[in-house]
Amino acid sequence: MGAHHGAILRILRDDGPQSRAELARRTSLSPTALTHLMAHLLRGGTVVELNQAVAGDAPVGRPAIGVALVPDALSVVGVHIGAGTIHATITDLRAASKAMASQHFDTATSEPAAVIGMVVRIVEQLIKKTGVARSRLIGLGLGVPGPVDTKRRRNLQSVNYDWKDVPFADELETALRMPVVVEHNVSAMALAESRYGIGRDTTALLYIYLRTGLGAGLVINGMPFRPGGYGAVELGHVQVVEDGERCACGNVGCLETFLSERALARAAHIDTPHPRHLLAAVEKYPEVWDAALRHLTTAIATATNLLNPDLIVFGGHLAEAPESFIDHIRRGVPPRVLPPMRDVLRVERSSLGPGAGAIGAAAAALDHFFYSGVSR
């Protein structure tokens, strides 16, 4: 495939069935060129001609017959490495999950090689469970905790795991015999929310995710924002107090020292790994609750003034937060941002559910291996 194939596929993904004339107009292709490209997509089975006309097209004369994307024609694998947990899924071409699986691991003792082995086993089990032929799997997207290299092959660093320069793509391609692309895990979630979730109609989406730490991902005009080419927006390491607790990153007073799974669980006297409804438990401790809200409001207001998102999406523990928590943010941020943003800024919970990380990784794979038009 090529770039023009990708342009056609993206239109069909985002806007549904189209006539050939409309596709030619929107892609600036000649009818002859479009016919050639369409024949290739039809042979590959990723696009199908419809039996009915496309509504609203060809106002006079014979109605135009449309073409549509075939979501089940191919599949991708999405794997999210997060807070001591691996989440994996196989999805169709619209990032709809066919099956999911997960596994916990000890973040203190698991080396990257062991985690890679777990990923391989989970993916192999999912392939067997779904019955998807390997020839119909276009690749694997891997969401990792921390920045990635510009070629999107390696996890450069993970503060909470003490990993550095891990060649995930090379190792997984050898073990699974399929192409792999690596993405910062929260950036991948932001991409999925922008492509397939609540953020489809937004110009700039900031996704904020709370688990082991507090990460963020930004998508602008449908494109992931990768500062320095590395793809990580480190909101959790914004300093919110000058003299505070030392953070895992080495600085003091970072937002994560107030708003991370470890800090909140300790304050709420919770010793269960990966606790559910963490913020609901913290609400019983007003001092901890107030500090978390105050510092998060400050950080979001700062990020909004710098990045101008029109939608902020909460994931992880933030997606499960009590309504009082969300309401406080919705009231507290607008007065602290520039006037043009006050009327347009929205704060919403993630629409992707508990498998958001794996869906995000699948979205990264779809963008990289399919909707870009890159040959696989």
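Of the 376 residues in the protein chain, 53% count as buried. The model is a predicted one, and the values below are computed from it. The chain exposes about 16500 Å², of which carbon and sulfur atoms supply 52%. Along the principal axes, the C-alpha atoms fill a box of roughly 70 × 50 × 35 Å. A compact globule with 376 residues would have a radius of gyration near 21 Å, so the 22 Å of this chain agrees with that expectation. Among contacts with a separation of 6 or more, 62% are made by residues 24 or more positions apart. The secondary structure of the chain comprises 12 helices and 15 strands.

Helix α5, spanning residues 168-176, can be read in more detail. Its buried residues are F168, A169, L172 and L176. Viewed down the axis of α5, these buried residues fall within an arc of 90°, and therefore they line one face of the helix. What lies over the buried residues of α5? The cover includes the helix α4 (112-130) and the strands β4 (75-81), β7 (137-144), β8 (155-158), β9 (163-166) and β10 (180-184). After α5 comes R177, with a positive phi near 60°.

The cysteines remain. How many disulfides does the model contain? With a cut-off of 2.5 Å between cysteine sulfur atoms, the count comes to 0. C247 is in no disulfide, and its nearest cysteine sulfur, belonging to C249, is 3.8 Å away. Because its relative accessible area is 7%, under the 20% limit, C247 is buried. C249 is likewise in no disulfide; for this residue the nearest cysteine sulfur is that of C254, at 3.7 Å. Is C249 buried, exposed or partly exposed? At 35% relative accessibility, C249 counts as partly exposed.

Conventions: Residues numbered from 1 in each chain as written. Predicted model: local features only at pLDDT ≥ 70, side-chain atom pairs only at ≥ 80, totals over all residues. Heavy atoms only, no water. Buried < 20%, exposed > 50% of the residue type's maximum accessible area, 1.4 Å probe, protein only. Helix = DSSP H or I, 4+ residues; strand = E, 2+ residues; numbered from the N terminus. Arc of directions from axis to C-beta. Contact = heavy atoms within 4.5 Å. Rg over C-alpha atoms; globule rule 2.2 N^0.38 Å. Areas by Shrake-Rupley, 256 points an atom, 1.4 Å probe, with all protein chains shown as cover.
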